[in-house]
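Me: Hi! Could you walk me through this one? I'd like to start with side-chain pairs and then move on to the ligand.
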Amino acid sequence: MVTNVQFLVFESPAAACREVAGEIAALIRSRDLIGRRAVLGLATGSTPIPLYRELIRLHREEGLSFRNVTTFNLDEYLGLERNHPESYWSFMHRNLFDHVDIDPACVNLPSGTVSQEEILRHCRDYEDAIREAGGIDYQILGIGRTGHIGFNEPGTPMDARTQKIHLDPITRSDAAPAFGGIDKVPTEAITMGCGTILEARRIALLAWGSKKASIVRQAIQGPITDEVSASFLQTHADATFFLDNDAASKICD
Ligand code: F6R
């Protein structure tokens with residue numbers, strides 16, 4: 001069923017992130033009360049950094065505990081060791097996990113070093129682990145300039161599951177400064193599929209800045225198409241775009 005995806009516009013990324021962190025904290029606390037875990041789907045990249053900062057603040061200053069939280073990250077570059085500074089494993093530890101009381105055994109990311117022969121099995125295992133955890137309660141997403149969610153680049157079908165993908169040249173050039181040159185950016189990654197993402201019970205897509213304005217408009221108001229995988233969120237019953245003024249600037253009334 002197609003619904004109009006909801007979007008909320010905030011004066012700053014920090015203000016948007018306070019709202020999203022508040023929803024996540026409420027979820028974690030409500031699960032704590034009934035002795036159940038909360039399952040979070042997490043993203044990397046520059047966009048969620050202020051969200052992770054706010055979650056760390058809630059942990060330090062307001063007693064939010066992550067001991068009953070399980071996490072699944074969207075993706076990981078293929079060919080990077082965990083301790084590579086640009087691996088998503090490193091990113092997540094640097095920006096969130098090292099600063100909260102999460103059980104390291106409950107942190108899940110796809111492997112960047114799985115062999116080509118083992119990739120299919122590894123992706124199936126990742127899907128199984130999500131299912132065994134009870135599915136994702138709350139999924140955080142960013143959006144790439146290609147319209148990707150996770151690393152579901154243009155042409156990836158709506159029902160795709162966790163799989164190996166080739167990174168789009170635009171995505172690789174956006175990552176080039178962090179890697180110190182496009183030649184150093186991996187060409188492949190493992191990503192949760194759009195089908196996996198769309199099974200999350202609640203989805204929050206975050207986007208900031210004028211560079212995202214055009215693709216945000218396409219995702220919210222354009223056709224539902226595998227050319228813009230974020231447009232699939234229009235079919236989700238509980239997905240919200242959290243935007244700053246610049247990212248929302250091309251949305252038409
Ligand atoms: C990251 C991910 C990507 C990013 C997207 C935006 O785990 O899955 O979809 O969210 O590329 O990246 P930033 O936030 O750096 O603009």
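Me: Which side chain does glutamate 127 meet in a salt bridge?
Reply: That would be arginine 161, at 2.9 Å, N to O. A salt bridge here is a side-chain nitrogen of Lys or Arg within 4 Å of a carboxyl oxygen of Asp or Glu. This is a predicted model, where local features need pLDDT of at least 70, side-chain atom pairs count only at pLDDT 80 or more, and totals for chains, interfaces and linings use all residues. Residues are numbered from 1 along each chain as its sequence is written, and side-chain values use heavy atoms, without hydrogens and water.

Me: How many salt bridges does a search of the whole structure find?
Reply: The search finds 12.

Me: OK, on to the ligand. How many residues surround the ligand?
Reply: There are 13, with Thr47, Asp75, His148, Gly150 and Lys212 the closest; near means a heavy atom within 4 Å.

Me: And how far is the polar side-chain atom of aspartate 75 from an oxygen atom of the ligand?
Reply: It lies 2.5 Å away. For histidine 148, a polar side-chain atom is 2.6 Å from a ligand oxygen, and for threonine 44 the distance is 2.8 Å. A polar contact is a pair of N or O atoms within 3.5 Å.

Terms used: Polar contact = N/O pair within 3.5 Å; in protein donor to acceptor, adjacent residues only side chain to side chain.
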